[in-house]
Amino acid sequence: MLARPYRLTRGSDYRLVVRRGSRCGGARVITSMLTTGESRAARFGVIISKQVGTAVVRNTVRRRLKAVCAEALPRVPEGTDVVIRALPASATASFAELRADVDRCLSRLTPASDAVSA
């Protein structure tokens, strides 16, 4: 799972990333990314609405997305904030499908010069 320094915790941070960040959409998730230029580790946040499903389904999707974020952490440039919004189709998606969607969006949103090789 993600340790506290790698998580977005304030609502204002979520809003800033979603409103001002670059966005990439897929069938299961929408990924927003904002590079702040600060000298700190990348931070991730997950948004899952009740449209995704019951509490059990939402928590399963949340755990899967947090695991995907933990895997992607070394590839995201420092000082970057990422918000992943789960769409209703994510309720029936496997872990591999969610990982593929997020990885595709992160690689598309990350500039080639800033990318950290894994």
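Here are some questions and answers about the sheet and helices of this predicted model.

The model is predicted, so to speak: local features need pLDDT of at least 70, side-chain atom pairs count only at pLDDT 80 or more, and totals for chains, interfaces and linings use all residues. Residues are numbered from 1 along each chain as its sequence is written, and side-chain values use heavy atoms, with hydrogens and water left out.

User: What is the strand order in the open sheet?

Analyst: Strands here are DSSP runs (E, at least two residues; helices are H or I, at least four), numbered from the N terminus. Two of them pair if DSSP finds at least two bridges between them. The open sheet has four strands and mixed pairing, in the order E1-E2-E4-E3.

User: Which strands stand at the edges of the sheet?

Analyst: Going by the order E1-E2-E4-E3, look for strands with a single partner, so that one side is left without a neighbour in the sheet. Those are E1 and E3.

User: How many residues lie between E1 and E2 in their hairpin?

Analyst: Strand E1 (residues 22-25) pairs with E2 in the antiparallel sense over four bridges. Gly-25 has Ile-30 in E2 as its bridge partner. The number between the two strands of the hairpin is three.

User: In E4, which residue is the bridge partner of Val-29?

Analyst: Strand E2 (residues 29-35) runs antiparallel to E4, joined by seven bridges. For Val-29, the partner in E4 is Ala-86.

User: How many of the seven residues of strand E4 are buried?

Analyst: Buried means under 20% relative accessible area, exposed over 50%, partly exposed in between (1.4 Å probe, protein chains only). E4 (residues 80-86) is mostly covered, and the count of buried residues is six.

User: Why does Ala-100 count as partly exposed?

Analyst: Ala-100 is found in helix H3 (residues 95-109). Its C-alpha atom is separated by 14 Å from that of Ala-70, 30 residues apart along the chain. Ala-100 counts as partly exposed because its relative accessibility is 44%.
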